[in-house]
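Please keep the view open as you read.

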Amino acid sequence: MFSLFISSLWGQTLQVTGKVTAADNIAIPGVTVQVKGLQKGTTTDVNGLYKLEVAPNATLIFSYVGMKTSEIPVNGQSRLNVSLEEENINLGELVVVGYSTTSRKLLSGSVGVVNEDEIKHAPVRTIDAVLQGKAAGVSINQNSGTPGGQNSIKIRGGSSINASNQPLIVIDGIPVITGDFSQISYLGQEIDALSDLNPNDIEQFTVLKDASATAIYGARASNGVILITTKKGTYQKTSVNFNTSYGWQTMPAERIPELMNAAQWNEYKGTNVQGIDTDWMKEILQVAPTTNTELSVSSGNDKTRVFISGSYYKQDGTVKSTSYDRWSGRISVDHKLLKNLTIGGSVMTTYSTNWRVEGDQTTFGPLPNALSIPAIYPVYNEDGTYNEDGPYANPIAIINETKNVAYTNRNNDNLYLEYKFLNGFTFTSKWNADVYTLREHEYDPITSRQGAKYNGLGIEGATYVSNLVTSNVLQYVKSVREKHNFEALVGYSAEKYARRNSYIEAIDFPNENLQYITSAGTIRAASASSLDRGMNSYFGQFKYNYLYKYIFTATARADGSSKFGKNNRYGYFPSASFAWRVSEEKFMKKLKAVSELKLRLSIGVTGNDGIGDFASYGLYGGGFNYGGNSGIAPTQLPNPDLKWESTLQKGIGLDLGLFENRISLNVDLYYNKTYDLLLDRPLPSSSGFSVISANIGDLQNKGIELVLSTENIKREFTWNTSFNFAANRNKILKLYEGQPITDQGRGGNWVVEGEPIGVFYGYRCLGVDPTTGNLVYDDINHDGQITSDDLTKTGNPNPDFTAGLTNTFSYKGFDLSVFLHMVYGNDIFNGNRIYLESASGEDNQTTTMLRRWMKPGDITDVPREGDTYKSSRFIENGSFMRIKNITLGYNFSRQLMQKIKLKSARLYVSGQNLYTFTSYSGMDPEVNYYGNDNIILGTDFFTYPQSRTITVGLNVGL
């Protein structure tokens, strides 16, 4: 009877669950778990977990690329946790690449990875800001210090003149809305849709840089791709994390120009205004608070995972009346309906308010006006009204009276389904809706100078943007005889983008208390517009490796876009790469010091569709009225042959690990040639049009990237170093009939064949004539006069190299991180000096003008009168090294945490932008007054500088 009872038990089925990990306890997703002798099995999920119905006496076979296959009898157990041994290969961390994940060791393309640990303690709370200086070849320029302002991101230089140079941003596999959608222009103070995303929700950044890595995204991959993986719940015990911080921001005093006080101004101008000495910069600046509070909960069981987070972030600006407030929340749920069917989704919502002031290139901005109004003018008149006797509008009146606020609402929602079937097939379907709304409100009352000009000025702007995306991917993974490892995927994606704009501007308001358009007496301007566009794509990828030594990847994508002409509606973008893991060869086994040695080679073509919509179409516009009747007229000629800008990318790379990877080095060399640049081709006047868009230009980028990571000391005291370096050389190869694009922006940026994009052209200033005090310019053509024929290259805004250096230390409960950011070899056109060192007009002057030429025989570099030309006099070395961040933290002991029933607690103090080493005389060498323009680069014109921030914070885990 006992034997029969045991036999009946073995005849039943048993549900076996467990977790598969590597030797270092890292979970391994995608492990094949198969019942020996049967065509039955499953694969582990992203957390290495599996579930399978088997007979109690079955044997399970666990296999995974790079790991030794393990056979384990069930023996009636309901839980089997398995640790797989490496097959002389350390897989390292898993990296999201395109529509799949892979081991970092098996990458054959150029990919940069920034993990949560590298960004979670950064005091800045916008996605692009926390990534700055963390990845080689990724140049992030903070265009201004405006709270919530837009940053410029470039990967391996700019690949276009007129199309976008910004990378594609993909969150959890779905491209998202980025950019500036504001209609009320504040150059250099743009609103960035990317600022609405909370960095605390991010688990990993993956930067795809070469064609092998980016071609899976086809027509939008020429500028690189940044993949963002967000946090998800766990299958473990519920965990709660609470983070809070408070900081103080100041404008670095050493960076503020030294301006003339009242006495110096009186002497300089020969006036005699007594009793008034206004420090206008002191009046507009403040010690600005910043605060951040975040709460997240992660939980789950063997079927369901949940992650919930919420945060509030507030940053006041160092210029009064500027601020950015953001409320955000996110929930992510993953649920196993069946053992091979998982569904999930997430909802992210954000609401923000952004209080701005006019800045660059305006006479109604607090900062430029505070720099330009002499100290002899008071803030207030004796009767308490604002004094407006100065050459520009009173900056305090602007701060106190005007209103410039932008309200944004953003919802990013997605659903997905993952179905595993047969043996190695996985089908994934994702659906996403990204909706962004922006409302802008500006009001200049009659109590401000600009408002008084119009008897009150009001502006309202409303913008709605949506992007609906679906992607469907079928993937197959197979290993044959533990030698040949295959992975293939095919997919289809479609996008529908929509934008709606309305704008209205009015004047003649009854009084300063009625600020909305309904109270205006006159509507001065009004408009409304709509845009719809679409894209559909087919893509595929094949990966193969033999014995984890020889790795091959081939990718192809076809993109169709409504932007392009009917004769070139689709673009085709292939790539291929090969990697050889030399360290896996037998002849390398004797070299014990070498942990990893891999050589990489890649080639491919990517595209750029970031041009204006309908550039290929013949367009008509209204407003051409005649005889009292409305009419239309053609406004643009069609070009049905207009096609994508394409970039041919070639690259080689080396990955080296020494002494059990305590030293790791990654080196990449690349050459990218962009052809079919979209430029305006001139037309004869008889056509009725001046230009037509056409594919007629070429440019190149070539460079080197290096990432070096070392574990210097690995004891109770630890010291780790991470260094990244990138040098890029950009050159214009071809323009229409060699004709340059001339004199762009205040600094005189040009586009010239044989030169980098955006070089400065102007007159070469030779100094001051000691006899006359006048500036002397180089007469290049020796015709005895200074004309446009004497214009020459005066500078280059593109840096020779960029670098980032991070050192982290820990001892017992203490940790210290020091991050330096470096840019070298770029020039800046200091447009501030055109006015502040002009020796003419009524603008206040810097104290530099106190040593100006005064009489014949004076030897000085400061003329008696300012430079009216865009000359080399205003070109300065823009190189800098910035102490970007120093953070000191203390982690409370585990024993103390157990007593007060906490998992962890960390107290820290952090300094951001602590000091900038530079010879540049302006307020900030990193800014650019024209935002993300492709040509107007490296120009400072009264631009809002970055602030210095001291933050204290607390991280608590429950």
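1. A word on terms comes first: strands (E, at least two residues) and helices (H or I, at least four) are DSSP runs, numbered from the N terminus, and two strands pair if DSSP finds at least two bridges between them. This is a predicted model, in which local features need pLDDT of at least 70 and side-chain atom pairs pLDDT 80 or more, while totals for chains, interfaces and linings use all residues. Residues are numbered from 1 along each chain as its sequence is written, and side-chain values use heavy atoms, leaving out hydrogens and water.

2. β44 (residues 827–830) runs antiparallel to β45, and three bridges join them. Which residue of β45 is the bridge partner of Ile828? That partner is Glu876.

3. Next, have a look at Leu907, found in strand β47 (residues 904–918). Leu907 is partly exposed, at 46% relative accessible area; buried means under 20%, exposed over 50% and partly exposed in between (1.4 Å probe, protein chains only). Setting aside residues up to four places away in sequence, Leu907 touches Leu888, Gly889, Tyr890, Phe892, Gly953 and Leu954, where contact means heavy atoms within 4.5 Å.

4. The aromatic rings deserve a tour, as the structure holds 39 aromatic pairs. Rings of Phe, Tyr and Trp (its six-membered ring) pair if their centres lie within 6.5 Å, and planes under 30 degrees apart count as stacked, over 60 as edge-to-face and the rest as tilted. Tyr99 and Phe539 are stacked, because their ring centres are 4.3 Å apart and their planes are at 15°. Tyr99 lies in the loop between β8 (94–97) and β9 (100–103) and Phe539 in β26 (residues 522–546), so this pair ties together parts 440 residues apart in sequence. Both Tyr99 and Phe539 are buried.

5. Tyr915 and Phe917 form an edge-to-face pair, 4.8 Å centre to centre with 65° between the planes. Tyr915 is partly exposed at 37%, and Phe917 is partly exposed at 42%.

6. Finally, Tyr835, Tyr929, Tyr930, Phe941 and Phe942 form one aromatic cluster. The charged end of Arg746 sits over the ring of Phe941, 3.9 Å from its centre; this term asks for NZ of Lys or CZ of Arg within 6 Å of the ring centre and within 35 degrees of the ring normal. Lys134 likewise has its charged end over the ring of Phe819, 4.2 Å from the centre.
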